[in-house]
Amino acid sequence: MKSITVVIIVGLILLYFLDTALKISLLNQEMLIHSGIRFFTGFILIGIGVFYAHKIKFKTSVGLALTLVLADDIYDYFRNIDSFNFEAMIHSLFFLLWGSILGYLFMKLAQRKAEQS
């Protein structure tokens, strides 16, 4: 549990500095949706599917993650929301990585608790 807490706190600190440096406002509806999609894609697809369970190959998961992210960006393009820039890509990559690390650690913790009981 300590490792998950440390990753969450370090991630929030890095997120604050990243948002400040890139001048991104995270607390609006569009950014919350984008960040949530990327975070849970990393959490489920990469963190659990690749690193923990080894059910999906890394290349396949990267392709699936890029497909989901690109579909979200194309949807935004048709709604005339410009979110396809360098800053948004860095922000998206951060959330994918943060989600994948937390997904892996969460499953490791769940496995340890299941083995103890």
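Contact is taken here to mean heavy atoms within 4.5 Å. The model is predicted, so that local features require pLDDT of at least 70 and side-chain atom pairs count only at pLDDT 80 or more, whereas totals for chains, interfaces and linings use all residues. Residues are numbered from 1 along each chain as its sequence is written, and side-chain values use heavy atoms, with hydrogens and water left out.

The protein contains four helices and zero strands, where helices (H or I, at least four residues) and strands (E, at least two) are DSSP runs numbered from the N terminus. Its C-alpha atoms fill a box of roughly 50 × 30 × 20 Å along the principal axes. Of the contacts between residues at least 6 apart in sequence, 76% join residues at least 24 apart.

When residues up to four places away in sequence are not counted, L15 touches L26, H91, F94, F95 and W98.

D73, located in helix α3 (residues 58–78), counts as buried because its relative accessibility is 12%. The D73 side chain forms a polar contact with the side chain of R38 at 3.2 Å; such a contact is a pair of N or O atoms within 3.5 Å, and within protein one must be able to donate a hydrogen and the other to accept it, while residues adjacent in sequence count only if both atoms are side-chain atoms.

Terms used. Buried means under 20% relative accessible area, exposed over 50%, partly exposed in between (1.4 Å probe, protein chains only).
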